[in-house]
Every structure is written in C-alpha cells, then in structure tokens.
Amino acid sequence: MNSCPSTDQIRKTFLDFFASKDHLILPSYSLIPENDPTLLLVGAGMAPLKPYFTGERRPPHPRIATCQKCLRTPDIGQVGYTGRHATFFEMLGNFSFGDYFKEQAIIWSWEFVTEILQLSRERLWISIYREDEESFEIWSREIGIAEERIVRLGDEDNFWEIGPGPCGPCSEIYYDLGPEKGCGKPGCTLGCDCDRYLEVWNLVFTQFCREADGSLTNLKKTGIDTGAGLERLAMAMQGVTSLYEIDLISPIFKHFAAL
C-alpha cells in the first residue's frame with residue numbers, strides 16, 4: 001500500500017479486505033441508537049449490532065464489517081490533553097456471530113496491519129487480558145510475537161464492555177510512536193497514559209453478557225467484535241503524532257488559523 005495513504009483510502013482498504021474474507025459490508029448506522037434504552041449515543045462499532053450478539057435477532061450474515069460513526073464521552077477529559085483522544089471518530093470493525101473466534105480474528109488483524117498497511121513490525125506491540133492464555137499462545141506461537149512484546153493487562157484495559165449487553169476479554173495492537181512521545185518514566189509501557197503507545201486495534205472476544213444487575217452470563221454463541229480507530233491508523237500511516245494532524249482534520253485547523 002502507498003506509504004502515506006489518505007484516511008479515505010485506509011477506510012476503503014479495510015472494508016475491501018474484509019469483503020474479500022466473506023464479510024457483508026454494511027453502512028454506518030445513525031449516532032442515535034435504535035431501540036436501545038441503555039445508550040444515549042452510539043459509542044462503538046458493535047453497539048448497533050448488540051441484538052445479533054445476544055441472539056435476540058438473526059444477523060443478515062454471520063460475518064459483518066462496518067465503518068461506524070461514534071461519539072464517546074467517558075474519556076472526554078483527555079480530549080485536547082493527548083494527541084489520540086477525540087469525542088467523534090470513525091471505528092472500523094469486523095464482526096463474527098457464532099462463526100470464527102480468537103485465532104482467525106488475530107490472524108486477520110495481523111495480516112491487515114503488517115501486509116496490507118505494511119506498518120513496521122518493530123513498532124507493533126500486543127496486549128492481552130491477564131488470564132487469557134489462549135490469546136497468548138496464538139500471538140506467540142502462531143504469529144511469532146516475542147513474549148516480551150506481549151503485555152498482560154487487567155479489567156480496566158483489557159475487558160471490554162459498554163453498558164449491559166455482550167462483552168468479553170480483549171487483545172489490542174499498539175503502535176509505538178517513539179520515546180520522544182513518552183513520559184520518560186521508568187517502566188513506561190502499554191497502558192501508560194502518555195502518547196507513546198498508540199492503541200490502533202482492539203479485538204474483543206465476545207463470550208459473556210453483562211446483565212442489568214451487573215452479573216455475567218455466558219452467551220449461547222461466541223463472537224468477535226473488533227474496533228480499529230480509523231483516525232489512529234491514519235496517524236500511524238501518515239507519520240504524524242496527533243489526530244489533529246491527519247489529512248481529514250488538519251485542513252479544518254488551517255482554515256480557522258487563517259481566519
């Protein structure tokens with residue numbers, strides 16, 4: 001792929017890639033959830049697809065991919081203080097409903113970032129849920145990631161949920177923006193609040209349902225819910241260190257700076 005593709009090209013390349021893997025490509029849903037009283041606004045690519053994960057509705061295809069408009073507020077306090085947070089963003093996602101699971105999701109994500117986007121493998125790091133030995137084995141044995149580049153994180157970082165509904169442990173791909181973007185503190189690594197390690201892709205292994213009372217139950221069928229930040233992938237591909245510098249957003253700043 002072109003070493004400096006536009007954000008629009010990255011979006012199209014992602015959807016084309018998963019179309020070639022037998023995924024049904026759906027357009028973005030509205031930011032306003034339909035028939036979901038648990039959410040005010042759609043904050044993740046999987047949010048409009050929750051009924052498919054729970055089995056409440058049958059999906060039009062067992063494999064789906066989207067580029068979903070999202071608006072997220074839990075980390076709004078970090079917007080403007082880091083180069084990687086925004087309230088509105090686009091989330092690329094590939095989803096499986098009772099079809100493929102951890103192994104295939106990991107293999108395809110690695111193929112996309114290293115072979116299609118051709119991101120430097122030396123800059124990529126992996127996080128897994130601290131108790132997920134299966135993911136560790138896939139990343140280390142099958143993909144060939146050195147053990148020291150696989151970091152185990154806890155519930156706050158690597159167990160994904162967004163209100164009541166489908167959830168599960170996750171594994172993330174990080175892109176190292178370099179020590180100059182780090183905090184300089186000893187032991188700075190994945191999960192640090194500084195801007196050095198940029199999370200570009202979250203692979204959620206959907207196997208539980210968070211009930212209204214807070215308890216966890218097993219889903220009848222496991223699923224895959226992945227989210228890759230379009231703007232963050234653009235940062236890595238375009239060699240910039242802030243969302244506000246990518247080709248989709250920087251013209252807005254230049255316009256107002258000119259005024």
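In which helix does Ile-143 lie? Ile-143 sits in helix 4, residues 133–143; helices here are DSSP runs of H or I with at least four residues, strands are E runs of at least two, and both are numbered from the N terminus. Not counting residues up to four places away in sequence, Ile-143 touches Ile-106, Ile-107, Trp-110 and Ile-138, where contact means heavy atoms within 4.5 Å. Ile-143 and Trp-110 are 33 residues apart in sequence, with 8.0 Å between their C-alpha atoms.

## Ground rules

This is a predicted model, so local features need pLDDT of at least 70 and side-chain atom pairs count only at pLDDT 80 or more, while totals for chains, interfaces and linings use all residues. Residues are numbered from 1 along each chain as its sequence is written, and side-chain values use heavy atoms, with hydrogens and water left out.

## The overall fold

The protein chain has seven helices and nine strands. Its radius of gyration is 18 Å, close to the 18 Å that the globule rule gives for 259 residues, so the chain is as compact as a globular protein of that length. (That radius is taken over C-alpha atoms, and the rule is 2.2 Å times the number of residues to the power 0.38.) Along the principal axes, the C-alpha trace spans about 50 × 45 × 40 Å.

Of the 259 residues, 52% count as buried; buried means under 20% relative accessible area, exposed means over 50%, and partly exposed is in between, with a 1.4 Å probe and protein chains only. The accessible surface comes to about 12500 Å², and 51% of that belongs to carbon and sulfur atoms. Those areas come from the Shrake-Rupley method with a 1.4 Å probe, and for residues only the protein chains shown count as cover. Among contacts with a separation of 6 or more, 69% are between residues 24 or more positions apart.

In soluble globular proteins, nonpolar side chains tend to be buried together. The largest nonpolar core here has 45 residues, and Val-113, Ile-126, Trp-139, Ile-173 and Trp-201 touch the most other members. Apart from it lies another core, of 19 residues, with Leu-26, Ile-64, Cys-70 and Trp-160 among them. A core is a set of buried Ala, Val, Leu, Ile, Met, Phe, Trp, Tyr and Cys residues joined through side-chain atoms within 4.5 Å.

Leaving aside neighbours within four places in sequence, Val-113 is in contact with Gln-118, Leu-119, Leu-124, Ile-173 and Trp-201. Gln-118 is in the loop between helix 3 (102–116) and strand 4 (124–129), and it has a positive phi of about 60° although it is not a glycine. For context, most residues other than glycine have a negative phi.

Helix 6 (residues 230–238) has nine of its nine residues buried, so it is largely enclosed by the rest of the structure. The cover over its buried residues includes helix 1 (7–19), strand 2, strand 3, strand 7 (165–176), strand 8 (197–210) and strand 9 (216–229). Just after helix 6, Gly-239 takes a positive phi of about 70°.

Over in strand 7 you'll find Gly-168, which counts as buried at 0% relative accessibility. Neighbours within four places aside, Gly-168 is in contact with Phe-159, Trp-160, Val-204, Phe-205 and Phe-208.

## Salt bridges

The count comes to 15 salt bridges, each being a side-chain nitrogen of Lys or Arg within 4 Å of a carboxyl oxygen of Asp or Glu. In one of them, Glu-111 pairs with Lys-21, the closest N and O atoms being 3.5 Å apart. Glu-111 lies in helix 3 and Lys-21 in the loop between helix 1 and strand 1, so the pair ties together parts that are 90 residues apart in sequence. Glu-111 and Lys-21 are both buried.

Arg-196 bridges to Asp-176, with the closest N and O atoms 2.9 Å apart, and both residues are buried. There's also a network: salt bridges that share partners join Asp-8, Arg-11 and Glu-90.

## A greasy patch outside

Ile-252, Phe-253, Phe-256 and Leu-259 form a nonpolar patch on the surface, with about 480 Å² of accessible area together. Patch members need over 30% relative accessible area and no salt bridge; nonpolar side chains (Val, Leu, Ile, Met, Phe, Trp, Tyr) are joined within 5 Å, and like charges within 9 Å. Phe-256 belongs to helix 7 (residues 250–258) and is exposed, with a relative accessible area of 55%.
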